[in-house]
Structures are given as structure tokens and as C-alpha cells.
Amino acid sequence: MRLVPFWFIVITVLWTGFFVLEGFDFGVGMLHNEVGRDEAGRRAAINTIGPLWDGNEVWLIVAGAAMFAAFPGWYATMFSGFYLALVLLLASLMIRGVAFEYRGKRDAVRWRHTWDVLLAVGSLLAPLLIGVALGDLLHGLPINSKQEYTGSFFDLLQPYALLTGVTLVLICLLYGAAFLALKTTDEMHERSRKMARRVAPLTGAAVVAFVIWTHVTASSRFFLNPIELLAVLAALAAVWLVYEDRDGFAFAATSVTMASCILSIFVDLYPNVMVSSTSAAYSLTVHNTASGAYSLKVMAVVVILFLPFVLAYQTWTYYVFRRRVSRRDFVPSPPPGEEAQPAKGAQPAKGVQPGGEVTRPQSG
């Protein structure tokens with residue numbers, strides 16, 4: 001049974017890793033219209049996460065699978081109680097994924113605009129719904145002695161859970177703006193910085209409110225624990241760094257803010273996995289929902305062997321696709337033979353060969 005806390009830590013790491021890696025993807029999805037402005041700009045914004053987003057989303061699948069394998073009682077109660085919310089989450093993730101693939105299938109303004117809107121909506125709903133679900137785990141839900149959820153969909157929409165969802169959305173917005181400031185050039189780079197400055201104060205205030213409410217909900221102590229304090233300090237640092245135009249440090253501080261907020265939920269939750277508002281005796285814990293010792297042992301071996309390979313692969317992917325993306329890379333070239341012809345008797349401009357095509361500089 002010593003593997004029970006180990007598996008709770010693994011699931012905490014998986015959920016934290018998902019939000020740290022996918023959080024800026026959600027932010028870019030919400031902001032790509034504002035930062036891009038035109039078709040070339042929107043394509044550039046989407047391409048900053050093009051090679052990354054689907055790999056980052058795998059962490060969500062693995063986190064759900066780990067809950068199912070290690071704590072089947074937790075998985076059963078949570079997924080049955082959150083059934084409608086999970087359907088909405090799956091719909092938002094599917095719409096978001098399809099938008100990435102389908103927006104470029106037709107060269108029509110309305111077609112692309114529709115998919116751009118769906119991409120932004122899906123990128124907003126996903127962190128909002130997951131945040132509400134994580135907040136519900138800690139704040140408490142009506143659960144009876146048989147570990148069955150006895151509430152309705154609207155019981156999930158309690159104030160603390162909604163604040164958790166809104167806080168994660170705001171962190172994702174700031175995270176996405178900081179990422180775009182790192183990955184884009186010229187006017188898109190400046191618009192990303194401006195967007196980060198607009199979002200930063202709201203994000204900082206939301207994180208402080210979330211941490212205080214989390215602490216009051218889960219602890220009787222006056223002082224914040226180290227993870228909660230780190231979340232507040234990282235959020236304030238991110239706000240300051242955004243206004244100082246320190247793009248790299250602002251992105252790092254926002255990632256620490258995201259990680260600390262997710263960790264604070266799970267740290268304050270342990271040893272519970274779902275708090276019962278009906279009676280504290282009915283709360284689900286790591287011990288009354290865990291799988292057998294043999295199952296936990298086999299899965300622990302698999303995780304220890306394969307997780308380093310996954311981390312190494314994702315690190316390599318980020319290294320390969322590290323360069324900045326420019327809007328100019330996506331401005332279509334004029335068709336051959338349609339370049340403007342010089343006036344009669346005029347000399348060819350620099351970079352133009354007589355009777356030939358314009359020689360274009362290679363983009364970085």
C-alpha cells in the first residue's frame with residue numbers, strides 16, 4: 001500500500017504537466033484572432049503551436065487513464081457525477097482539434113472565420129470546465145455512503161469551482177500571450193505584449209483570490225503553505241515581468257503560476273480525492289478508492305520505465321521547433337507572370353532580373 005501515495009503523486013504530476021504544457025496552447029487558441037488580425041497573422045499564430053498541441057493533449061488522456069487504473073473508485077464517482085460536463089469537455093476538445101485541421105481546407109473567408117471562432121470557443125471551454133471539475137473535488141460535492149454522486153449538473157457550478165475555472169482561463173490567456181511574444185516577430189510580437197499587459201492584472205488578482213479561497217477551504221492554519229505562497233509570488237512576478245517586457249522570464253513565471261495553482265489543489269486535497277459535502281465520513285480517499293497492490297506495482301514499473309522517454313521526446317520536439325514564426329512566412333506569393341511590369345523605358349528595380357521574377361529574401 002506504499003504505492004498508493006506514489007500513484008496520487010503521479011496523477012498530480014500528470015495533471016500539472018498537462019496544464020503547464022497545454023495551458024499556452026489554450027491561450028494561443030483564444031488569442032489567435034486578436035494577435036493575428038489577418039489570415040497570414042492567424043496562420044502564423046496557429047503555427048506557433050502547430051507541432052506541439054496534439055502531443056501536449058496526450059497528458060490529459062494519460063491522466064484520465066492513470067485515475068482509472070490506480071483509483072477506479074475515484075474514476076467511477078467523478079466521471080459519473082461529471083458526465084454532462086465531461087461530454088461538453090470532449091466536445092470542446094474535438095471542435096478545437098477539428099478546427100486546426102479544417103480551417104485551411106477551403107479558401108473561403110466565412111469558412112475560415114467559422115473555424116477560427118470555434119477554435120477560440122473550444123480553447124476557452126476546455127480549461128474552464130476542467131477548472132470547475134478540479135475545484136469541485138476540493139470544495140465538496142453531494143456523495144453518499146455508497147460513493148455515488150447524488151447531485152445534479154447545477155450542483156457542480158458552485159462559486160469556488162467557477163472561480164477555479166475562471167482563474168485557469170485567465171492564466172491560460174496570459175500564458176498564451178507570453179508564448180506568442182516569445183514566438184512571433186514584428187507587429188504580432190508587439191500585439192502579444194499589449195495583450196499580455198491587458199490580461200496580467202486580472203490574472204494576478206484572480207490567482208490571489210483563488211489561493212486565499214483554496215487555503216480557507218482546505219486548511220485551518222493562518223499562513224499559506226509553500227505551494228500556495230509560490231503561486232501568489234509567481235503570479236505577482238509574472239505581472240511585473242510582463243510590464244517590464246521581459247518575455248522569457250514572464251513566460252517562465254506564468255508557467256510556475258500555472259503549476260503552483262494545480263499543485264495547490266491536489267496538495268490540499270490529499271488524502272482525499274473527492275470531498276463529500278453530505279458527510280465527511282463519505283469522502284473518497286486514496287485508500288478507499290485504490291486498486292490492488294499487484295496492479296499498482298505493475299503500473300509503477302511501466303511509469304518508471306517509459307515516462308523518461310516521453311519527457312525526452314517532448315523536450316526534443318520543443319528544441320526542434322524553437323525558432324520564431326513570422327507573419328511574412330504566410331503571405332502568399334503572387335502567381336508566376338502576374339508581377340507588376342515596369343513602365344516602358346524604365347530600368348528594372350533592384351532585385352528584379354529583366355524578364356524574370358522578384359528575388360525574395362529567405363525568411364529566418
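How many of the 25 residues of H7 are buried? Let's find out in your viewer.

First, a word on the model. It is predicted, so local features need pLDDT of at least 70 and side-chain atom pairs count only at pLDDT 80 or more, while totals for chains, interfaces and linings use all residues. Residues are numbered from 1 along each chain as its sequence is written, and side-chain values use heavy atoms, with hydrogens and water left out.

**Stop 1: helix H7.** Select residues 159-183. Here 21 of the 25 residues are buried, meaning under 20% relative accessible area with a 1.4 Å probe, protein chains only. Helices are DSSP runs of H or I with at least four residues, numbered from the N terminus. Now check the length: at 1.5 Å a residue, H7 should span 36 Å, and its end C-alpha atoms are 36 Å apart, which agrees. The expected span is 1.5 Å times one less than the number of residues.

**Stop 2: the core.** Select Trp7, Trp15, Phe19, Phe71, Trp74, Phe82 and Met274, the residues with the most contacts inside the largest nonpolar core, which has 101 residues. Such a core is a set of buried Ala, Val, Leu, Ile, Met, Phe, Trp, Tyr and Cys residues joined through side-chain atoms within 4.5 Å. Helix H1 (residues 3-36) gives the largest share of this core, 16 residues.

**Stop 3: Met274.** Centre on Met274 and look beyond its neighbours within four places in sequence: its contacts include Trp74, Phe82, Leu137 and Ser283. Contact means heavy atoms within 4.5 Å.

Key. Helix = DSSP H or I, 4+ residues; strand = E, 2+ residues; numbered from the N terminus. Buried < 20%, exposed > 50% of the residue type's maximum accessible area, 1.4 Å probe, protein only.
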